Every structure is written in structure tokens, then in C-alpha cells.
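Keep the structure in view and check each step as you read.

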Amino acid sequence: MINRLIANALPLLPERVVWLFSRSYIAGETVDKAMRACRTLNDGGIKTTIDILGEFIRNLDEAEKNRDEYLSLIDVAQHSGIDGNYSVKPTMFGLLIDADVCYRHIREIVAKAAGFGNFIRIDMEDSNCVDLEIHLFRRLKAEFPESVGLVVQAYLRRTLDDLKGLMDLHTPSVPLNFRLCKGIYAEPRRIAFQHHAEINAHFLEDLDFMLQNGIYPGIATHDRALVDGALALIDRYDVPRKRYEFQMLYGVAPELRRTLVDAGHTMRVYVPYGRHWFGYSTRRLKENPKIVNSIIKSLLLSR
Ligand code: FDA
């Protein structure tokens, strides 16, 4: 209840105050700030995936601007020698306005990254987008088999079936590359598990399927129980280090992150940046007030 009140009040507060909540998990407004954050992470042995903040645009002019911003980000990051790839949210390119225009914009971004031998991850958004984003992934994967990956959400009841349904795209020489996360949007019980225990159980079931079938998983969680569960599966199937990675959000759970890095596991941090941090932070909090706890905790821990 208190979390919901805080989350609803945040958009009414001055930007400066919201920034206090947001600054620990957003790299900054500019590409320079993002590069600085990535370099610091790289220096600590951590790879990155860079995300330009924004989603749910109102018109297709914004989609073009977002495409151009990503194309220029890729130029800057590649020439800066950053050890990292890129994450995109398809609604930022008009997925819900004109899926074909969205495909063409993201195709240009993937082609650019592929030219550098790099990789674009399609983030998974709310349940209205899941079929469209899987379809988008299939089209891009056909043309750029090594340069595109997708996110799957363990809270969705359908996810294990989606994984099985995507296996036709998998080959041992070019494995599917999926980030597995719990899922951040507020979704109805009909389609999504609601309780921590059932989401975690499904997360490990999905991961088990991925590891047994040679899919390269980005294990995206800060939940110690899931990290332990993932390590147990990696051990059980004797998965070599280069066949999986852990992923965490910028500014979250730095101690757990360090433990995994020190033990020699590949770690990638999601680095969001951009002008739209205010709308992004407040929307996320309104959608899922439970994050308030996490943010307050991370603010306290990072001081
Ligand atoms: P859980 O929510 O149980 O958190 C475990 C602990 O981690 C908390 O107790 C808290 O200490 C800390 N924590 C978690 N989130 C925090 C936060 N935001 N701030 C501060 N502390 C926090 N979702 C989605 O729907 N589509 C997507 O494409 C992605 N992409 C993505 C990329 C990466 C790299 C990560 C790590 C996560 C995502 N997510 C996502 C978000 C994901 O679905 C999920 O909401 C969060 O990771 C939180 O879930 P945990 O597994 O960390 O567990």
C-alpha cells in the first residue's frame, strides 16, 4: 500500500527528487555518461548491454529519431572499444503503431551492429507485445542468425511452450541466445504467475530447458535463490563457462554481482541512459510498486 502511494506520488514530485530515486540505476542523460559507466564496468571485468531509455511512442517520427540515436550510439560505443552489446525495446520504434516500420528500423540497427560483429537483444515488453516481438525476432534471426537475441519472461505461463516453439531456429553452431528474467510488467493471473515461489520455480524450469537444449542463456536476476538454483543447474549439466552468462541491472546488487565475477562467471550489466529517464522511472514504479522496496534498498546499500 505504502509502495503504491510512493509510486503514484513520484510523477508529481520535481524531477530533482525523482532523480534521487533514479540516479543509482540510470547511467545518465548522455551517451558520454553511458560510455563512462560502461568503461568503469569493463575495467571491473564486466560486459555491458546498453539501452536508450524510451518506449510507447506517439508517432512514427519519434521512431525514426530513436533509430538514428541507436545508430549513432553503436558508432560511438564501437569506436570507444566498449565490451558490450545493445538492448532495444520495439515499442520505441513503433511496434504498436506499424509493426512493419518497426521491423525496418530495428533491422537497420541489427545490420549496423552485425557489421561490427556485435549483437542486438530484443527486450520483452508487456503481454500485448509478446507475439509481435517473437515474430520480429524470427524475421531478424532469419537474416542475422548470430546478431540477434530475445528476452523471455518466467512469470508468463506460456514461456516454456514459447521456448519449445522456437527450437526450430536453434542449431548447435549458432545457438539461440535468450535472456531469461522474471518479467517486470503487471500482468493478470490468467496469463502470469503471481507469487514469488511459482515465478522462481518456472524460472528454473525454463533455465533447465535452455541448458539441456544448448540455448545460450543470459541469466538475468538479482535474486540470490535463483542465482544459487542456476549455479546448481550449471553444475549438474557441467555447462562450460562460455555457454552462459549472468546479467544484472545497472546499480543493483553490486555485492552479488562481484561474487559471481570473482568466481569467474561472465557477467553483463544492463546500462540504461537517455533523456527519458523521468517518464521511464515513474511509469515503471506505477506499473510495479514493489520496485519501490528494491530501489530504497539499493539507495541505502549504495551509499
Ligand atoms: P526480485 O524482484 O525478487 O529481486 C531480488 C532482489 O534484487 C531484490 O530484493 C532487490 O534487492 C534487488 N532488486 C531487484 N530489482 C531491483 C531494482 N530495479 N532496483 C533495486 N534493486 C532491485 N523485465 C522484462 O519484463 N523485460 C525485459 O526485457 C527485462 N530485461 C531485463 C534485463 C536485465 C539484465 C535484468 C537483470 C532484468 C530485466 N528485466 C526485464 C527485469 C526483470 O524482469 C525483473 O523485474 C527484475 O530483474 C527483478 O527481478 P529479480 O529476478 O532480480 O528478483
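**Helix pairs, loops and rings**

Q: At roughly what angle do the axes of helix H5 (residues 99–115) and helix H6 (residues 130–143) cross?
A: This is a predicted model. Two packed helices are described by the angle between their axes and the distance between the axes. The axes of H5 and H6 come within 11 Å. They cross at roughly 45°.

Q: Are H5 and H6 roughly parallel or oblique to each other?
A: Angles under 35 degrees count as roughly parallel. The H5 and H6 axes cross at roughly 45°. H5 and H6 are therefore oblique.

Q: Is the crossing of H5 and H6 left-handed or right-handed?
A: Look at where the two helices touch. Ala99, Asp100, Cys102, Tyr103, Ile106, Arg107 and Val110 in H5 meet Leu132, Leu136, Arg139, Leu140 and Glu143 in H6. The crossing of H5 and H6 is right-handed.

Q: How many charged residues are in the contact of H5 with H6?
A: Asp, Glu, Lys and Arg count as charged. Residues of H5 in the contact include Asp100 and Arg107, and those of H6 include Arg139 and Glu143. The contact of H5 with H6 has eight nonpolar residues and no polar ones. Its charged residues number four.

Q: Are helix H8 (residues 196–212) and helix H9 (residues 224–236) roughly parallel or oblique?
A: Their axes come within 10 Å and cross at roughly 25°. An angle under 35 degrees counts as roughly parallel. H8 and H9 are therefore roughly parallel.

Q: How many nonpolar residues are in the contact of H8 with H9?
A: From H8 come Asn200, Phe203, Leu204, Leu207, Asp208 and Leu211. They meet Ala225, Leu226, Gly229, Ala230, Leu233, Ile234 and Arg236 in H9. By class, two residues of this H8 and H9 contact are polar and two are charged. The nonpolar ones number nine.

Q: Which residues in H4 meet H3?
A: Helix H3 (residues 31–43) and helix H4 (residues 60–80) pack at an angle of about 35°, with their axes 11 Å apart. Their crossing is right-handed. H3 brings Val31, Met35 and Arg39 to the contact. The residues they meet in H4 are Leu73, Val76, Ala77 and Ser80.

Q: Is Asp238 buried or exposed?
A: Asp238 is found in the loop between H9 and strand S7 (245–249). Asp238 has a positive phi of about 50° although it is not a glycine. Its relative accessible area is 66%, and over 50% counts as exposed. So Asp238 is exposed.

Q: What is the phi of Ala253, roughly?
A: Most residues other than glycine have a negative phi, and most peptide bonds are trans. Ala253 is not a glycine, yet its phi is positive. Ala253 is found in the loop between S7 and helix H10 (254–262). Its phi is about 50°.

Q: What is the C-alpha to C-alpha distance between Ser173 and Gly214?
A: Ser173 lies in the loop between helix H7 (159–165) and strand S5 (177–181). Ser173 counts as exposed, at 66% relative accessibility. Ser173 and Gly214 are 41 residues apart in sequence. In space, their C-alpha atoms are 9.9 Å apart.

Q: Which residues is Gly274 in contact with, leaving aside neighbours within four places in sequence?
A: Gly274 sits in the loop between strand S8 (267–273) and helix H11 (277–287). Gly274 is buried, with a relative accessible area of 0%. Gly274 and Leu53 are 221 residues apart in sequence but 5.3 Å apart in space, C-alpha to C-alpha. Beyond those neighbours, Gly274 is in contact with Gly28, Glu29 and Leu53.

Q: What is the angle between the planes of Tyr244 and Phe246?
A: Three aromatic pairs are counted. Tyr244 and Phe246 form an aromatic pair, 6.1 Å centre to centre. Tyr244 is buried, and Phe246 is buried as well. The pair is edge-to-face, and the angle between the planes is 90°.

Q: What percentage of the residues in the protein chain is buried?
A: The protein chain has twelve helices and eight strands. It has 303 residues. Buried residues make up 52%.

Note on methods
Residues numbered from 1 in each chain as written. Predicted model: local features only at pLDDT ≥ 70, side-chain atom pairs only at ≥ 80, totals over all residues. Heavy atoms only, no water. Axes fitted to C-alpha atoms, helices over the stretch in contact; angles between N-to-C directions. Helix = DSSP H or I, 4+ residues; strand = E, 2+ residues; numbered from the N terminus. Parallel < 35°, antiparallel > 145°, perpendicular 65-115°, else oblique. Contact = heavy atoms within 4.5 Å. Phe/Tyr/Trp six-rings, centres within 6.5 Å; stacked < 30°, edge-to-face > 60°. Buried < 20%, exposed > 50% of the residue type's maximum accessible area, 1.4 Å probe, protein only. Left-handed = near helix turned anticlockwise from the far one by under 90°.
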